[in-house]
Amino acid sequence: MKLRKMIFILTGILCAVIIMAGFNTSTTSADPPTRAQLGEKLFFETLLSKDRSISCASCHIPQFGFADTIAFSHGIHHTPTKRNTPGLTNLSGRPNFFWDGRAATLEDQALQPIINPDEMGLPIAEAVQRLNDNETYLHYFQQVFNSAPNSKNILQALAAFERTLETANSPYDRYIAGDNNALTAPAIRGRLLFIGKANCNNCHSGEDFTADRFKNIGLYNGTTLTDAGRYEVTKDSSHMGFFKVPSLRNVAVTAPYMHNGMFKTLREVIAYYNTPNAVVPGSIHRDLSLNKPLDLTPEEMNDLEAFLEALTDDRFRIARH
């Protein structure tokens, strides 16, 4: 049993190494670090949490598409967060961030988990002071920014690292590039369903499978499901229950799904869209496109799931299997 446990631990470590190798921004000690390399160090730095217990990577786990594996991540003092932790891949060029779109830039996004009392819980002024008191980081910031750490360049470094987390080596990408054998037969059929009968492409369009819009997909009913989403930012009653349409890249490894993590598998997500009323009756202001059941057969649901699986970059698929 001890040997089996040790093998499991070593396998997990190996998977994490494989993942980060794909995003490797390391440099030799003789070279000055880049903004992204400094941002990577900060991303894994527990110094940026109030009690020094967690880092950005505690919730944004590399081998899971920089998402988490539970519905609500735990911040300092094991406090659960309000919403499910989204993945951080393929964020370059996105017009807004977080489920409710409250951040307009990656720099704005990077700040919020640090200062949120339920997450890392550290005032930015204190974060600045800690990094200035650390000789290593003081040296790094002087090299990269020709300046001591401050509230602006800390966030610039973190955002620079996040912009390196781009993925475009999935079976789907190879299929689109001309490799007819890259997708399985079920995935090919699933792609046709995605852009046809299942109507997924209506919201999940473009290179990263998101139209960068906000939608009410029916997960707000004012009683058991009370997160108002975008409304909390805009205070516009027409935005009640609206949430950002996420990218579907690497979706096979970012479970659980939705802003509240209520669906544990892709099959549960597909089943919801197939018959929303059967899962969440009484939803308020649900998008009209979801009023009619999709009437997908079990075989079609399998095919659609196969296509969604094929949107995941090989580096995550290798680690997952």
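How many aromatic pairs does the structure hold? The points below take up that question and a few others, for a model that is predicted.

1. The structure holds eleven aromatic pairs. A pair of aromatic rings is described by the distance of the centres and the angle of the planes. For Y172 and F307 the ring centres are 5.9 Å apart and the planes stand at 85°, so this pair is edge-to-face. Because Y172 belongs to helix α8 (residues 171–176) and F307 to helix α13 (residues 298–309), the pair ties together parts that are 135 residues apart in sequence. Y172 is buried, and F307 is buried too.

2. F194 and F209 also form an edge-to-face aromatic pair, with 5.9 Å from centre to centre and 80° between the planes. Here F194 sits in helix α9 (residues 185–195), while F209 is found in the loop between α9 and β1 (214–215), so the parts that this pair ties together are 15 residues apart in sequence. Both F194 and F209 are buried. Elsewhere, one aromatic cluster is formed by F43, F44, F66 and F161.

3. R230 lies over the face of F214, at 4.4 Å from the ring centre, and K235 lies over the face of Y231, at 5.5 Å from the ring centre.

4. Most residues other than glycine have a negative phi, and most peptide bonds are trans. K235, however, has a positive phi near 60°, and its place is in the loop between α10 (231–234) and β2. With a relative accessibility of 56%, K235 counts as exposed because that value is over 50%. H77, which is not a glycine either, has a positive phi of about 60° and lies in the loop between α3 (56–59) and α4 (106–115). The relative accessibility of H77 is 61%, so H77 counts as exposed.

5. A further backbone feature to check is the peptide bond that joins A255 and P256, which is cis, with omega at about 0°. P256 lies in the loop between β2 (243–244) and α11 (266–274).

6. How many disulfides does a search of the whole structure find? The search finds zero. C56, for instance, is in no disulfide, and the nearest cysteine sulfur, that of C59, is 8.8 Å away, whereas a disulfide needs the two sulfur atoms within 2.5 Å. C203 is likewise in no disulfide, and the nearest cysteine sulfur, that of C200, lies 9.1 Å from it.

7. The last point concerns helix α4, which is mostly covered, since seven of its ten residues are buried. Which residues of α4 are buried? They are L106, E107, Q109, A110, L111, P113 and I114. What covers these buried residues includes α5 (124–132) and α7 (151–162).

Key: Residues are numbered from 1 along each chain as its sequence is written. This is a predicted model: local features need pLDDT of at least 70, side-chain atom pairs count only at pLDDT 80 or more; totals for chains, interfaces and linings use all residues. Side-chain values use heavy atoms; hydrogens and water are left out. Helices (H or I, at least four residues) and strands (E, at least two) are DSSP runs, numbered from the N terminus. Buried means under 20% relative accessible area, exposed over 50%, partly exposed in between (1.4 Å probe, protein chains only). Rings of Phe, Tyr and Trp (its six-membered ring) pair if their centres lie within 6.5 Å; planes under 30 degrees apart count as stacked, over 60 as edge-to-face and the rest as tilted. A charge sits over a ring if NZ of Lys or CZ of Arg is within 6 Å of the ring centre and within 35 degrees of the ring normal. Contact means heavy atoms within 4.5 Å.
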